[in-house]
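Have the model open as you read.

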Amino acid sequence: MRRLYPLCERLAGSNVPLIIEGETGTGKEVLAESLHDQGPRAREPFTVFDCTAVPPNLVEAALFGHERGAFTGATELRQGVFEQAHGGTLLIDEIGDLELELQAKLLRAIERSEVRRIGGKQWVRVDVRIIAATRRNLDEEVAAGRFRDDLFYRLAVARLELPPLRARTGDIRLLASHFWNRLAGSKVPIAEDFVAQLESYSWPGNVRELQNTVARRVVLGDLMGGEAIAPPSSRSLRSATPIEVTAPNPKPPSRSQSDPGDVIADVIACGLPLPRARERVLEAFERRYVKHLVDKHRGNVARAAAASGVALRYFQVLRARTKRREEET
């Protein structure tokens, strides 16, 4: 990581295309956003396009936009991510999953700095810095014919590879303490036995998994029990035996009967199985945490995301999810 820092400083002040490689959860998007924030385009948009998050038939429209009536359902003109990122940075995440046909169109857009919306006749000039991220080995993808070599060489003006967390175990304590202080505050120190458990785990989900594990510990504390590190698998959740909770009233107490901040007591009183109870507590934590940061920063979501220590896109997803849960309830 120390060897990467000087490279990152140089690349932050540059406009050259960049490929960031690394396993899922190593922080590729966080690094890309940091490079943008420290560079000359910091005041302009930072736009993220995830090639795996859009249905294949809609990828082209998402990238380049479409005119009204271009296809069924296109009821209005819509800009693509290139136009949305004009003047700023466009992160194309998981570019190794982009279909070959669209790779050719992407190459043209990058080389000529212009796009044409689906159904449109005019070319639109765009000024964006391209950062691509992938969990795949693009050298192997090019050799296998699954990724265009011309696009690869156009993007690989600079390359950074983020190491997996298992290759930087000395950073686990530092990262865990950072996440703990973000979530719990510095007045309550992280437990040494918990850190020891963290340092003995291989972290297949890398830094993202570590952050989520620390968040679970902050919310649930000793209730995590034997699941202090790895979360239960979907199979174990399906087969988990419900825990019986004896309570005088099977319904959760009203807010007038309990501390409004004691979510755990309310959930326990419901008599839910452990997996569902854990989910309810985490939902409440996410909702309060996101609302607190957004209110603290007076509605500025970008600043709230920066204060949370997660990427802006993930924070926006988290915020949308909490809003949806509130609407459902």
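## Salt bridges and a helix pair

Glu76 is partly exposed, because its relative accessibility is 43% (buried means under 20% relative accessible area, exposed over 50%, partly exposed in between, with a 1.4 Å probe and protein chains only). Its partner is Arg78: the two form a salt bridge with the closest N and O atoms 3.5 Å apart. Arg78 is partly exposed too, at 47%.

A word on ground rules: this is a predicted model, where local features need pLDDT of at least 70, side-chain atom pairs count only at pLDDT 80 or more, and totals for chains, interfaces and linings use all residues. Residues are numbered from 1 along each chain as its sequence is written, and side-chain values use heavy atoms, leaving out hydrogens and water.

The structure holds 20 salt bridges (a side-chain nitrogen of Lys or Arg within 4 Å of a carboxyl oxygen of Asp or Glu). Here are three of them.

| Pair | N to O distance |
|---|---|
| Glu76 and Arg78 | 3.5 Å |
| Arg136 and Asp97 | 3.0 Å |
| Glu114 and Arg125 | 3.9 Å |

Take Arg136 and Asp97, whose side chains meet in a salt bridge. Arg136 sits in the loop between β8 (129–134) and α6 (138–143) and Asp97 in the loop between β5 (89–93) and α5 (100–112), so the pair ties together parts 39 residues apart in sequence. (Helices are DSSP runs of H or I with at least four residues, strands runs of E with at least two, numbered from the N terminus.) Both are partly exposed, Arg136 at 30% and Asp97 at 26%. They also belong to a network of salt bridges with Glu94 and Arg135.

Then there's Glu114 with Arg125, another salt bridge. Glu114 is buried at 10%, while Arg125 is exposed at 56%.

On to the helices. Helix α2 (residues 28–37) is mostly covered, with 7 of its 10 residues buried; among them are Leu31, Ala32 and Leu35.

How do α8 and α9 meet? The axes of α8 (residues 172–184) and α9 (residues 192–199) come within 10 Å and cross at roughly 130°. Ile172, Arg173 and Ala176 in α8 touch Glu192, Val195, Leu198 and Glu199 in α9 (contact means heavy atoms within 4.5 Å).

Methods. Axes fitted to C-alpha atoms, helices over the stretch in contact; angles between N-to-C directions.
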